[in-house]
Amino acid sequence: MTEPMALLLYEKLIPGSQLVQKLQDLQYRVQTLNDAAALAATAEREKPLVVLADLYSSQGQVQAAITSLRQNPATAHVPVIAFSVHNDAATHEAARQAGATFVVSEAAVAHNLPQLLDRVLTEF
């Protein structure tokens, strides 16, 4: 059986590489990218089961990338777990408005990844 694909958008090396390892430990194939503008096209091409997106971006384009993902009929169904190191209410709300399925802290993703994946894949 083929391993499910997770698409991971991040710029910060440490939390990103840790999430790659955790996803691989959960038997996911992981495609990474650091250019938010490429998210929708990459998701359409790679057909991931789930997208994880760090809301931190030096270019500030993650919310727009989530919106593009949602507006594309080929990727609109893909659940998105957005996360950030800061519990910034405005950033989190912007991600929700853009279409993120869940918006959580970086710590929540790191410590509760299996539960988040189960929830996002069974409820949505």
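So, Gly 16: leaving out residues up to four places away in sequence, Gly 16 touches Leu 8 and Tyr 10. You'll find Gly 16 in helix α1. Is Gly 16 buried or exposed? The cut-off for buried is under 20% relative accessible area, and Gly 16 comes in at 3%, so it counts as buried. One more thing on this residue: Gly 16 and Asp 35 are 19 residues apart in sequence, and their C-alpha atoms are 13 Å apart in space.

Before I go on, remember that this is a predicted model. How confident is the predictor in the chain? The mean pLDDT is 93, and 98% of the residues reach 70 or more. Helix α1, residues 13-25, is where confidence is lowest, at a mean of 92, while strand β1, residues 5-9, has the highest, at 98.

Okay, on to β1. Leu 8, the residue that Gly 16 touches, points one way from this strand together with Ala 6. Met 5, Leu 7 and Leu 9 point the other way.

Which strands does β1 pair with? One is β2, residues 29-33, which runs parallel to β1 and is joined to it by 5 bridges. Look for Ala 6, which stands opposite Val 30 in β2. Another is β3, residues 50-54, also parallel to β1, with 4 bridges between them.

Next, helix α2, which spans residues 39-46 and includes Thr 42. Thr 42 has 7% relative accessibility, so it counts as buried. What does Thr 42 touch, again not counting residues up to four places away in sequence? Its contacts are Leu 7, Gln 31, Leu 33 and Lys 47. The buried residues in α2 are Leu 39, Ala 40, Thr 42 and Ala 43. Seen down the helix axis, they fall within an arc of 165°, so they line one face of α2. Those buried residues pack against β1, β2, β3 and α3. Just after the helix, Lys 47 has a positive phi of about 55°.

Last stop is α4, residues 89-98, where His 92, Ala 95 and Ala 98 are buried. Why are they on the same side of α4? Because they cover an arc of only 120° around the axis. The background is simple: an α-helix has 3.6 residues a turn, so residues three or four places apart point the same way. The buried residues of α4 pack against α3 (62-71), β4 (80-84) and β5 (102-105). Turned away from that buried side is a face with the exposed residues Ala 89, Ala 90 and Gln 97.

Now the two ends of α4. At its start, a side-chain oxygen of Asp 88 reaches to within 3.1 Å of the backbone nitrogen of Ala 90. After the helix comes Gly 99, with a positive phi, near 120°. And that's my tour, thanks!

Definitions and conventions: Residues are numbered from 1 along each chain as its sequence is written. This is a predicted model: local features need pLDDT of at least 70, side-chain atom pairs count only at pLDDT 80 or more; totals for chains, interfaces and linings use all residues. Side-chain values use heavy atoms; hydrogens and water are left out. Buried means under 20% relative accessible area, exposed over 50%, partly exposed in between (1.4 Å probe, protein chains only). The arc is that of the directions from the helix axis to the C-beta atoms. Contact means heavy atoms within 4.5 Å. A polar contact is a pair of N or O atoms within 3.5 Å; within protein, one must be able to donate a hydrogen and the other to accept it, and residues adjacent in sequence count only if both atoms are side-chain atoms. pLDDT is the predictor's confidence in each residue, from 0 to 100. Two strands pair if DSSP finds at least two bridges between them.
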